[in-house]
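Let's take a walk through this model together, going from its loops to its core and then out to its surface. Please have the sequence and the 3D view open side by side.

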Amino acid sequence: VIQLPPDLFFGTTIATCVIVLKKSKSDNSVLFIDASDQFKRFGNKNKLTTEHQQAILDAYTGRTDRDHVTKLVRFPPDRRGIDNEDRDATEAEEVRPGVP
């Protein structure tokens, strides 16, 4: 999951994420990359320069933890994702108030 900077795309100023899916992945981990500061302002838009793109690619291929940049979350091999039991009940109540 790659967090990109805001104001990259025409017609929207929101920050976006790229989710990279790989069917033949051999491990059960998820890599989070914070690339929200990887941009240069050109006119009224942010742009990813070649250097920014390379930094993101290096973080993706390196698959290691770097403070405030990347986090590799490993799940046990017998686990396929996050169960409902793992979620905080108060978080669900905040998102959907009044829903039992």
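Where is Asp-7 found? Asp-7 sits in the loop between β1 (2-3) and β2 (17-18); helices (H or I, at least four residues) and strands (E, at least two) are DSSP runs, numbered from the N terminus. Before going further, please note that this is a predicted model, in which local features need pLDDT of at least 70, side-chain atom pairs count only at pLDDT 80 or more, and totals for chains, interfaces and linings use all residues. Residues are numbered from 1 along each chain as its sequence is written, and side-chain values use heavy atoms, with hydrogens and water left out.

Now for the backbone. Most residues other than glycine have a negative phi. Asp-7, although not a glycine, has a positive phi of about 65°. Asp-7 counts as buried because its relative accessibility is 9%, where buried means under 20% relative accessible area, exposed over 50%, and partly exposed in between (1.4 Å probe, protein chains only).

His-68 also has a positive phi of about 65° without being a glycine. His-68 belongs to the loop between α1 (50-62) and β6 (70-74), and with a relative accessible area of 77% it is exposed.

Val-69 can be found in the loop between α1 and β6 as well. With a relative accessible area of 26%, Val-69 is partly exposed. Setting aside neighbours within four places in sequence, Val-69 is in contact (heavy atoms within 4.5 Å) with Phe-32, Ile-33 and Asp-34. Val-69 and Asp-34 are 35 residues apart in sequence, yet their C-alpha atoms are 5.0 Å apart in space.

Next, let's look inside. The largest nonpolar core has nine residues: Ile-2, Leu-4, Leu-8, Leu-31, Ile-33, Ala-35, Ile-56, Ala-59 and Leu-72. Such a core is a set of buried Ala, Val, Leu, Ile, Met, Phe, Trp, Tyr and Cys residues joined through side-chain atoms within 4.5 Å. The elements β3 (29-34) and α1 each give two or more residues to this core. Leaving aside neighbours within four places in sequence, Ala-35 is in contact with Ile-2, Gln-3, Leu-4, Pro-5 and Ile-56.

Finally, let's return to helix α1, where Tyr-60 is placed. Tyr-60 is partly exposed, because its relative accessible area is 33%.
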